[in-house]
Amino acid sequence: MTTEPPGLRTATAQWGPVAWSYTAGDDAETARVAAQLVTTTPSVWPSYGRIRLRVRSTRDQAALDRLEQVASGPARRLREENYRRAPDGTWLCCGNRPADAADPALPRHAVGHHDGQWTILHDDGSGTEQRARTGDIVLRALVAAALTARGGLTVHASAATGRDGRAVVFLGDSGTGKSTLALRLARAGGCLVSGDRTLLVPGPGGWWAVGAGLLPRFRWGTLEGLGLAMRVRDAALLRHGYGRCRVADLPRTPDKVVFTPAESERVLEVRTADCAPLGKLVVLSPAEGGVPVARAVAPEVTAAAVRAHSLPSDAGCLAWPVPGRPAQARGIAGLVEEVAGSTLAWDPVRHRAEDALLRVLADAPGAPPSGRRSSAP
């Protein structure tokens with residue numbers, strides 16, 4: 001954390017290829033926003049070729065009032081909110097809440113870009129917690145926008161590294177055990193990269209798995225199955241009660257529990273990483289027999305699974321301003337030709353995660369099948 005006069009505080013960090021900074025007039029706001037996007041291990045993305053992202057948070061009710069008079073057009077969506085665009089290109093948060101949004105609506109704010117810097121405008125009466133929550137969501141969306149502009153693909157998947165530092169990405173529907181396998185792999189000596197949304201990004205030497213910026217979220221069943229439920233009940237978490245009370249003391253037990261990277265280390269006893277070179281894509285499905293079954297598969301099978309589990313970018317209406325033409329993805333076809341793919345049929349309730357991991361990691365021990373180029377950096 002560095003100090004910028006007069007009275008401004010700036011948090012800086014790296015998230016994969018994105019070097020970001022967040023400036024506000026409140027130490028608590030910058031600290032809370034930084035807690036969402038700072039992992040417990042240094043980024044392994046090479047220092048060259050980084051994208052610079054600068055965000056400033058400020059209060060300006062008069063500007064919001066003016067924007068509300070001129071913003072128009074169809075509501076466009078960021079993942080958590082809907083926005084209307086003003087003639088100057090600023091996006092104003094509007095009242096059309098997305099139908100499938102689960103969390104409470106954000107306070108009124110606007111997001112704009114000028115001279116290489118993004119600015120978030122808040123109401124004068126907004127509090128630290130409200131501004132930090134808005135800043136967290138907007139900063140994560142801008143990181144996603146920058147990664148998408150670089151050619152990143154967002155998928156419904158969990159990711160973790162093994163002891164070799166290479167990421168295993170688990171793709172599958174809800175309930176297939178993605179988070180369970182990723183957390184178990186990380187606790188065995190690796191790092192947790194993402195909970196249930198992962199960006200697959202072309203980078204130095206091949207493809208990389210990058211956390212989507214959405215923090216790890218685990219269902220109670222997953223936590224109970226891993227023997228972590230009691231530890232979580234006794235924890236005070238930033239996204240549940242703002243770190244002021246234990247999860248067990250909340251009025252209602254969360255359906256899914258969200259952890260910052262630091263909380264993942266403290267409560268779940270797992271290291272976290274923002275990104276890792278991609279080593280393997282694993283497609284999960286229900287068990288067909290009494291034991292987990294893992295099989296290496298052809299690139300076209302993996303490609304179909306990646307397409308089936310692809311998601312729209314969390315960035316939504318916020319486009320990353322890239323000079324000239326934006327970076328083009330090498331595409332799913334290129335991804336599956338470079339990275340090994342396999343399927344795993346297992347039952348998260350009946351089978352041990354350790355047994356499933358042993359089988360899926362053994363079917364192709366760390367190298368792509370013959371004929372594929374390694375994605376190692």
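1. Is glutamate 269 buried, partly exposed or exposed? At 47% relative accessibility, glutamate 269 counts as partly exposed, a class lying between buried (under 20% relative accessible area) and exposed (over 50%), with a 1.4 Å probe and protein chains only. Its phi is near 55°, a positive value in a residue other than glycine, and its place is the loop between α7 (261-268) and β18 (271-272), where helices (H or I, at least four residues) and strands (E, at least two) are DSSP runs numbered from the N terminus.

2. This is a predicted model, in which local features need pLDDT of at least 70 and side-chain atom pairs count only at pLDDT 80 or more, while totals for chains, interfaces and linings use all residues. Residues are numbered from 1 along each chain as its sequence is written, and side-chain values use heavy atoms, without hydrogens and water.

3. Aspartate 115, also not a glycine, has a positive phi of about 50°; this residue sits in the loop between β8 (109-114) and β9 (117-122) and is exposed, with a relative accessible area of 63%.

4. Leaving aside neighbours within four places in sequence, leucine 318 has contacts (heavy atoms within 4.5 Å) with residues including Trp91, Trp118, Val138 and Leu142.
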